[in-house]
Amino acid sequence: MTVRNWRVTLKPWADKRLWFVQARRGGRVIWGIVYDADDPDSVALARRAIATLRSAGADCSALPVVLPGSPGAPGA
């Protein structure tokens, strides 16, 4: 699977507790995961998924340095 032309972004989902990490190519969402910022296991899963995409070459430059719900995130 080639991810070099994927752009990964983060959007609020329903409220500020749920977040949607999405990968887009050509204007279409081709991969996504919703995580709960109040659930440490859910945040850890999202962080691992993003790390995998980043290491595979996806463009993750639009993501914040610290994901909502992670230690050190604003409001955490």
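Biologist: How far apart are the mean positions of the positive and negative charges of the protein?

Modeller: The mean positions of the 11 positive and 6 negative charges lie 13 Å apart. Lys and Arg count as positive, Asp and Glu as negative, and His and the chain ends are not counted; each charge is placed at NZ of Lys, CZ of Arg, CG of Asp or CD of Glu. This is a predicted model, in which local features need pLDDT of at least 70 and side-chain atom pairs pLDDT 80 or more, while totals for chains, interfaces and linings use all residues. Residues are numbered from 1 along each chain as its sequence is written, and side-chain values use heavy atoms, without hydrogens and water.

Biologist: Which elements does the protein have, and in what order?

Modeller: The protein has one helix and three strands, in the order β-β-β-α from the N terminus. Helices (H or I, at least four residues) and strands (E, at least two) are DSSP runs numbered from the N terminus.

Biologist: Why is the protein called as compact as a globular protein of that length?

Modeller: Its radius of gyration is 12 Å, close to the 11 Å that the globule rule gives for 76 residues, so the description applies. The radius is taken over C-alpha atoms, and the rule is 2.2 Å times the number of residues to the power 0.38.

Biologist: Why is Ser42 called buried?

Modeller: Buried means under 20% relative accessible area, exposed over 50%, and partly exposed in between (1.4 Å probe, protein chains only). Ser42 has 14%, so Ser42 is buried. Ser42 is in helix H1.

Biologist: Why does Leu53 count as buried?

Modeller: Leu53 has a relative accessibility of 8%, so Leu53 counts as buried. Leu53 is also in helix H1. Beyond four places in sequence, Leu53 is in contact (heavy atoms within 4.5 Å) with Val3, Trp6, Val8, Trp31 and Ala58. The C-alpha atoms of Leu53 and Trp6 are 8.8 Å apart, although 47 residues separate them along the chain.

Biologist: What makes a set of residues a nonpolar core?

Modeller: The members are buried Ala, Val, Leu, Ile, Met, Phe, Trp, Tyr and Cys residues, joined through side-chain atoms within 4.5 Å. The largest such core has 18 residues, of which Val8, Leu10, Val21, Tyr35 and Ala58 touch the most other members. Strands E1 (7-13), E2 (15-25) and E3 (28-36) and helix H1 (40-55) each give two or more residues to this core. H1 gives the largest share, four residues.

Biologist: What is Val8 in contact with, leaving aside neighbours within four places in sequence?

Modeller: The partners of Val8 include Val21, Ala23, Leu53, Ala58 and Leu63.
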